[in-house]
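Here are a few friendly notes to read alongside the structure. Keep the 3D view open and look for each residue as you go.

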Amino acid sequence: MGNRCADVIVIGGGIIGNAAAYYLAKRGCSVIVLEKSDHLGDGGSSRNGGGVRQSGRDKRELPLAMYGIKNLWPTLSEELETDVEYCQDGNLRLGKTEEHMKILSGLAENAQSCGLDVRMISGEEVRDICPYLSDEVIGASWCPTDGHANPMLATLGFYKKARELGVRFITGEEVTAIRKIRGKARQVITKENVYEGENIILAAGLKSREIADTVGVDIPMQPALLECLVTEAEPEMFGQMLGTAEADFYGHQTKHGSFVFGGSSNFEGFNKDNGTPVNSSITASCICRGIMKYFPSLSDAKIVRTWAGWMDLCADKVPVISKMEEVPGLILACGFSGHGFGIAPAVGEQLSEMVVDGSTALDLTALRYDRFQAKI
Amino acid sequence: MNTINDRSKILKEFVPANDDDMIICRCEEITKGEIRRAVHDGMFTLTEIRRYLRTGMGLCQGQTCSKLVRGIVARELGVSPAELEPATSRAPMRPTEMRVLGKEVR
Amino acid sequence: MKRYDLIVVGAGPSGLSAAIEAAKKGMNVIVFDENAKPGGQLFKQIHKFFGSKEHKAKIRGFKIGEDLLKEAEDAGVQVVLNATVIGLYLDKEITVRIGDEIRHYKGDAIIVATGASENMVTFDGWTLPGVIGAGAAQTMMNLHGVQPGKKVLMLGSGNVGLVVSYQLMQAGCEVAALVDAAPRIGGYGVHAAKLARCGVPFYLSHTIVKAEGEDRVTGVTIAKVDQNWQTVPGSEKYFDADTICLAVGLSPMSQLLKMAGCEMEDNPKKGGQVPLCDKYGETSVKGIFVAGDVSGIEEASSAMIEGRMAGTAAACELGFMNEKERDEKLAALEEALESLRQGMFGPENKGKLLKKTDEGCDISMNLLENGYLGEEEVKQYPGVTKTIGIHPVMECTQNIPCNPCQDACPKNCIKIGENITSLPAVDPDAQCIGCGMCVAACSGQAIFLVNEQFEKDYASVTLPYEFLPLPEKGAEGKALDRSGNEVCRAEVVEIKTSKAFDHTNLLTIKVPVDMAMKARFFRAS
């Protein structure tokens with residue numbers, strides 16, 4: 001086995017880790033990425049709905065989303081020489097009741113105050129944009145600059161390009177601990193090996209909590225199961241990313257023609273596991289019922305596959321993207337709470353700045369690791 | 001079972017072959033050449049190949065092509081096909097219309 | 001949620017057998033199968049099975065299927081058809097598509113007996129209409145009564161390729177050639193010999209290079225392969241054909257088990273991905289069992305025994321049977337299974353090139369490479385003797401587990417002995433009466449009755465005949481030798497059909513006496 005030292009050791013070969021590795025390599029750093037699974041991007045990166053949106057986001061992570069959509073996503077396919085199937089046809093967040101419309105207006109106002117173009121539109125306007133929606137939809141929030149992309153291709157595209165730039169990826173390499181040497185995080189211990197780096201980026205999803213624990217850091221996260229399903233390829237119908245006020249499903253039609261929809265059954269925090277994220281027996285059916293109320297015409301579309309994935313649900317539902325001053329050399333990027341995909345390129349780039357420049361162009365103070373305080 | 005796999009492994013140079021345009025995954029119309037190319041792009045596992053190219057993600061759910069893809073990938077990597085773990089199986093085992101999947105009886 | 005003592009997925013030979021064992025012990029059992037008809041592959045099997053009496057030897061597959069269904073019904077097994085199990089979740093819960101609904105059920109035990117699916121190989125044109133699996137061909141012919149094509153080229157010389165080729169001929173199709181990249185025939189020699197004497201050419205060490213045709217198969221080009229499986233330029237041969245049948249192996253349909261979290265292994269000897277399981281089929285997930293091809297590709301006879309084992313083990317685990325009874329049952333089943341796995345084709349000898357039979361006879365390379373026995377070679381086997389008057393000639397030359405001929409002879413002319421893989425021998429002290437029971441009983445159609453003193457200068461040869469139309473007595477035609485070549489004129493002097501022969505007709509032809517040990521098939525002119 002070759003050299004186990006690098007400028008940066010990235011723990012976690014998901015889209016965050018892979019993007020960070022790519023932007024770091026572009027800046028001339030030597031990088032080793034350690035992935036526990038046999039496959040790159042085997043966690044949330046390959047198990048999400050593919051949304052690249054700004055609307056509906058918490059104010060604290062909105063700048064990352066807006067920056068990425070403005071500066072990175074439009075050229076990502078060329079940059080990675082991989083068609084990441086980015087489609088910017090807007091996002092509709094649908095409502096069926098007055099109650100829903102109230103939730104949506106609140107979210108819209110929030111985003112507008114950050115300078116995002118989000119509008120409330122009527123049921124008719126919704127159907128002008130997407131004529132397949134049923135009359136049950138009475139309105140929506142509409143963000144024309146939102147969109148979607150293919151999470152698997154984006155994750156593997158970052159990997160492919162980073163690998164070309166000389167980043168060393170090692171899969172099947174499970175990290176058990178970070179070890180401080182003379183007061184500085186320096187070694188990454190795996191089941192079989194020890195790696196060393198000037199900087200360590202911890203981007204291991206849910207597993208980050210256990211690993212951070214080995215240097216005395218706790219990030220309040222918990223697992224929650226989200227499930228997705230995909231249909232066979234259908235004729236091209238619409239390009240919008242969809243969500244609902246009720247959060248009963250979200251999804252889009254992919255470039256390939258299949259529809260990818262995600263959702264839950266309300267038991268996502270309590271699901272059992274057999275070692276791999278396993279679908280529950282009831283969720284896919286529940287998602288189908290949800291979808292058909294909005295899209296009656298999809299009722300004959302055949303579901304070919306379902307899958308599940310664990311979210312790293314942070315206590316306040318936004319990620320921790322932060323240097324750890326208490327543990328110099330360690331950078332955290334975890335707790336993405338089920339909406340990390342859309343901001344991943346921006347996060348990767350900011351992480352590279354954190355390492356190379358010592359600071360980031362975007363203000364990420366609100367995402368610091370030490371923000372968690374008791375309520376009173 | 002996770003096995004340590006250094007992705008910096010140097011493969012033999014990609015050489016175009018006469019049968020590169022032969023369709024291997026019929027459902028998604030993926031050719032042998034695309035599969036071979038993907039291995040050189042770094043996709044060393046059948047799961048990654050699947051996610052990268054969509055092989056075995058169509059209506060037959062890989063019933064027809066998964067062994068074929070595996071053989072091609074193994075050859076390109078210079079390993080035995082048995083070393084490559086087949087991709088996960090996922091419900092529904094047969095494509096099922098949304099109106100059916102949504103109609104549960106207990 | 002509706003809960004059963006046992007849920008069986010798949011109503012094929014192993015699934016039904018498992019359900020029968022469990023139901024006989026009083027378990028509440030339900031079997032789901034996605035097909036419209038139960039029986040799995042059994043109802044496509046129109047040939048007689050090998051083995052011994054306990055394995056239902058010399059009974060045709062579909063008849064075994066009928067018996068099994070009857071037994072299941074008598075035992076109170078509920079079989080639900082057109083019911084597709086689409087998921088196997090935690091807590092042994094399944095989801096089943098029945099009609100336009102999804103039903104949830106739980107089982108205290110679940111036996112997955114989903115069988116296998118056909119492998120494919122690629123060559124230029126492999127996606128053209130007309131390229132089909134051998135199993136698909138069988139389904140078309142034997143379940144639906146439809147010819148898959150008029151002129152067929154078969155790829156694969158394992159038992160499936162051999163048996164299906166024969167069935168294609170029975171269905172009135174022409175088999176243009178049987179091709180295999182391997183240097184030797186993979187299946188039973190007796191199956192190959194049935195094809196060769198009808199004139200089907202074998203091309204071993206050959207592969208398909210191209211399926212010709214624009215929008216459907218119109219022909220096939222094959223070529224020789226060298227030791228490195230590369231095609232030899234200049235060795236191409238072209239055949240007119242409208243159908244290419246692929247019989248290149250099966251893969252276990254183990255997806256449900258993988259989904260359920262069972263530990264899997266990749267075992268080329270078992271045909272691919274199979275769950276790890278104990279001797280009686282229990283997987284790493286307690287209460288989930290497997291039986292039949294899904295746990296490793298074998299054949300229907302062993303699948304039925306495995307099913308009975310899994311059903312027995314599940315019954316004991318759930319307290320429907322005590323351990324003593326279980327152990328006795330399993331010991332008997334294990335012995336039956338072991339005996340099926342003996343001989344040249346047993347798992348231990350897979351891939352080995354054996355040179356001698358257990359009796360010390362040379363194994364015919366001619367048979368392995370061309371599909372038929374050489375005229376001189378045949379004399380060395382214990383079933384081939386020369387006596388005055390009518391007597392059996394048993395061209396059975398490989399040690400395979402099969403012994404119905406021994407029981408068939410009312411005069412005890414035929415000896416196999418304890419070991420069912422032994423070659424049949426003629427007992428010189430017993431007197432053949434020419435009843436033909438042995439000819440009809442031989443699942444490999446390898447027994448002939450020869451009488452070299454039939455008439456002056458003429459011998460009679462009685463051969464098994466399973467084609468329609470049946471020639472009439474007095475019909476004139478040609479006798480074909482083991483390689484399918486016409487060797488002389490022949491006249492049908494007798495046709496015997498009997499219920500006891502179970503659709504194997506006995507054709508007695510008259511040939512010049514020097515042709516007695518050559519003529520092995522008859523073609524009417």
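1. Start with A:Leu202 in this predicted model.

2. Which residues have the most contacts inside the largest nonpolar core? They are A:Ile11, A:Leu202 and C:Ile111, and the core itself has 323 residues. Its largest share, ten residues, comes from helix H7 of chain C, residues 300-317. As background, nonpolar side chains tend to be buried together in soluble globular proteins.

3. Now turn to a sheet in chain C. Three strands make up this open sheet, in the order S12-S13-S14, with antiparallel pairing. Strand S12 (206-212) and strand S14 (237-240) of chain C are the edge strands, since each pairs on one side only. From one strand to the next, the twist averages 25°. In general, strands of a sheet pair through backbone hydrogen bonds, either parallel or antiparallel.

4. How many bridges join S12(C) to strand S13 of chain C? There are six, and the two strands run antiparallel, with S13 covering residues 219-224. To see the pairing in your viewer, find C:Lys210, which stands opposite C:Thr221 in S13(C).

5. Last, look at where chain A meets chain C. Seven residues from chain A and eight residues from chain C take part in the contact. On the side of chain A that touches chain C, one residue is nonpolar, five are polar and one is charged.

Conventions
Residues numbered from 1 in each chain as written. Chains lettered and ligands numbered in written order. Predicted model: local features only at pLDDT ≥ 70, side-chain atom pairs only at ≥ 80, totals over all residues. Contact = placed C-beta atoms within 7 Å. Nonpolar A, V, L, I, M, F, W, Y, C, P; charged D, E, K, R; others polar. Pairing = 2+ DSSP bridges. Helix = DSSP H or I, 4+ residues; strand = E, 2+ residues; numbered from the N terminus. Axes fitted to C-alpha atoms, helices over the stretch in contact; angles between N-to-C directions. Core = buried A, V, L, I, M, F, W, Y, C linked by C-beta atoms within 7 Å. Buried ≥ 20, exposed ≤ 12 C-beta atoms within 10 Å, placed from the backbone. Lists of a residue's contacts leave out its neighbours within four places in sequence.
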